[in-house]
Amino acid sequence: MALTLYVDTARWRAHHRHVQEQFPGLVPVCKGNGYGFGHERLAEEATRLGSDVLAVGTTYEAARIKDWFGGDLLVLTPYRRGEEPVPLPDRVIRSVSSIDGVYGLVGARVVIEVMSSMKRHGISDQDLPQLHAAIENVRLEGFALHLPLDRTDGSDAVEEVIGWMDRLRAARLPLHTMFVSHLKADELARLQKQFPQTRFRARIGTRLWLGDHDATEYRGAVLDVTRVAKGDRFGYRQQRAASDGFLVVVAGGTSHGVGLEAPKALHGVMPRAKGVARAGLATVNRNLSPFVWGGKQRWFAEPPHMQVSILFVPSDAPEPKVGDELVAHLRHTTTQFDRLMDR
């Protein structure tokens with residue numbers, strides 16, 4: 001009995017090919033928990049796509065994935081002097097976002113990140129005059145620009161890239177390759193047309209692996225069902241049942257990521273109101289689970305345990321049976337499944 005990730009493999013891979021067609025030179029991204037699929041699986045899928053480069057989050061991820069992917073590995077986290085050395089093959093390319101970092105990578109293959117409107121990290125305009133000397137002792141694979149997802153000020157992502165292209169060109173720096181993130185296919189095409197001598201390579205993770213929501217589905221198996229009457233005590237904290245119904249023990253707990261949720265940016269009045277309502281219910285131990293039964297998301301009977309969750313299903317709903325599977329609306333990047341099933 002398990003929390004299972006079911007994958008409609010043919011549909012999932014068809015989506016990969018569609019994205020690859022939209023973004024020539026695509027660099028797949030495999031970081032964190034492998035977008036819910038695991039590093040080994042995504043390395044296999046990147047190989048299937050014929051990718052020559054796979055982007056990973058950290059040097060530790062590169063050390064693990066190097067045995068599963070035979071092409072180049074681009075580490076997205078910028079190099080910093082004093083970081084723990086991790087033995088890596090020459091096919092690993094390091095990102096760097098400072099002049100000092102470039103000088104610290106003598107002989108290495110590097111991609112230089114420039115500062116975008118994200119303002120996370122990157123080389124600044126003022127650093128450009130110093131780059132000529134700094135890049136003499138590294139193997140420059142290109143520059144990179146990590147763009148924001150939302151542009152609430154109405155600015156144009158393409159214009160931001162063009163601005164950096166103009167500054168790099170004015171500084172007489174080599175512009176054979178520019179790695180970009182969070183551009184639309186038509187935006188990438190505009191850039192490629194305007195700068196035909198530069199190869200633009202989109203680094204894509206979420207849109208590639210998770211862009212077709214209907215290609216994947218989590219399901220938790222029912223392990224036990226116990227009928228309870230209103231007022232019966234149950235669980236670790238011996239709460240009372242609010243009404244007649246069933247306590248349903250389902251595979252999927254905190255070790256799987258169930259009940260753990262990353263903060264979300266809320267836009268608009270309605271989403272904010274719903275957020276306030278959920279917070280109010282949580283103060284009285286009413287928390288909606290990600291599990292669906294009888295067409296409705298069901299409430300946790302109590303906070304999820306390490307490997308299972310206990311749900312309350314009211315008596316007017318169909319009685320679940322041991323072995324049934326409940327669809328679970330879970331976030332891929334925070335979920336660890338027990339098994340993955342291709343179908």
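These questions and answers walk through a predicted model of one protein.

User: How many helices and strands are there in the protein?
Analyst: Start with the outline. The C-alpha trace spans about 75 × 45 × 40 Å along its principal axes. Within it, the count is nine helices and 18 strands.

User: What share of the 343 residues is buried?
Analyst: Buried here means under 20% relative accessible area. The protein's accessible surface comes to about 17,400 Å², with 52% of it on carbon and sulfur atoms. By that cut-off, the buried share of the 343 residues is 47%.

User: What percentage of the contacts with a separation of 6 or more joins residues 24 or more positions apart?
Analyst: A contact needs heavy atoms within 4.5 Å. Take the contacts with a separation of 6 or more; the part from residues 24 or more positions apart is 67%.

User: How far apart do the centres of the positive and negative side chains lie?
Analyst: Count the charges first. There are 44 positive and 40 negative side chains. The centres of these two sets are separated by 3 Å.

User: Is the Phe195 and Phe200 pair stacked, edge-to-face or tilted?
Analyst: The structure holds three aromatic pairs. In the pair of Phe195 and Phe200, the ring centres are 6.3 Å apart and the planes meet at 55 degrees.

User: Which residues do ring pairs link into a cluster?
Analyst: Ring centres must lie within 6.5 Å to pair. Pairs of this kind build a cluster from Trp12, Phe37 and Trp209.

User: Which residue lies over the face of Trp164?
Analyst: A charge over a ring must be within 6 Å of the ring centre. Here the distance from the ring centre of Trp164 is 4.5 Å. The residue over that face is Arg167.

User: Is Tyr35 buried or exposed?
Analyst: Tyr35 sits in the loop between strand S2 (27-28) and helix H2 (39-48). Its phi is positive, about 55 degrees, although it is not a glycine. Most residues other than glycine have a negative phi. With 6% relative accessibility, Tyr35 is buried.

User: What is the relative accessible area of Gln238?
Analyst: Gln238 also has a positive phi without being a glycine, at about 50 degrees. Its loop runs between strand S11 (233-234) and strand S12 (239-240). Gln238 is partly exposed, and its relative accessible area is 41%.

User: Which elements do the buried residues of H2 pack against?
Analyst: The buried residues of H2 are His39, Arg41, Leu42, Ala43, Glu45 and Ala46. Gly50, with a positive phi near 80 degrees, follows the helix. The buried residues of H2 pack against helix H1 (9-22), S2, strand S3 (53-56), helix H3 (59-65), helix H8 (206-210) and strand S18 (339-342).

User: Which residues does His16 touch, leaving out those up to four places away in sequence?
Analyst: His16 lies in helix H1. Its relative accessibility is 1%, so it counts as buried. Beyond its sequence neighbours, His16 touches Glu45, Leu49, Leu208 and Trp209.

User: Which residues is Ala317 in contact with, leaving aside neighbours within four places in sequence?
Analyst: Ala317 is in the loop between strand S16 (308-314) and strand S17 (325-328). At 12% relative accessible area, Ala317 is buried. With those neighbours set aside, its contacts are Phe246 and Arg298.

User: How far apart in space are Lys66 and Pro89, C-alpha to C-alpha?
Analyst: Lys66 sits in the loop between H3 and strand S4 (72-75). It is partly exposed, at 25% relative accessibility. Not counting residues up to four places away, Lys66 touches Leu73, Pro89 and Arg91. Lys66 and Pro89 are 23 residues apart in sequence, and their C-alpha distance is 8.1 Å.

User: Which residues does Asp90 touch, not counting residues up to four places away in sequence?
Analyst: Asp90 is in the loop between S4 and strand S5 (92-96). Asp90 and Arg64 are 15 Å apart, C-alpha to C-alpha, and 26 residues apart in sequence. The residues that Asp90 touches are Arg109 and Arg139.

Technical notes. Residues numbered from 1 in each chain as written. Predicted model: local features only at pLDDT ≥ 70, side-chain atom pairs only at ≥ 80, totals over all residues. Heavy atoms only, no water. Phe/Tyr/Trp six-rings, centres within 6.5 Å; stacked < 30°, edge-to-face > 60°. Lys NZ or Arg CZ within 6 Å of the ring centre and 35° of its normal. Helix = DSSP H or I, 4+ residues; strand = E, 2+ residues; numbered from the N terminus. Buried < 20%, exposed > 50% of the residue type's maximum accessible area, 1.4 Å probe, protein only. Areas by Shrake-Rupley, 256 points an atom, 1.4 Å probe, with all protein chains shown as cover. Lys, Arg positive; Asp, Glu negative; His and termini not counted. Charge placed at Lys NZ, Arg CZ, Asp CG, Glu CD.
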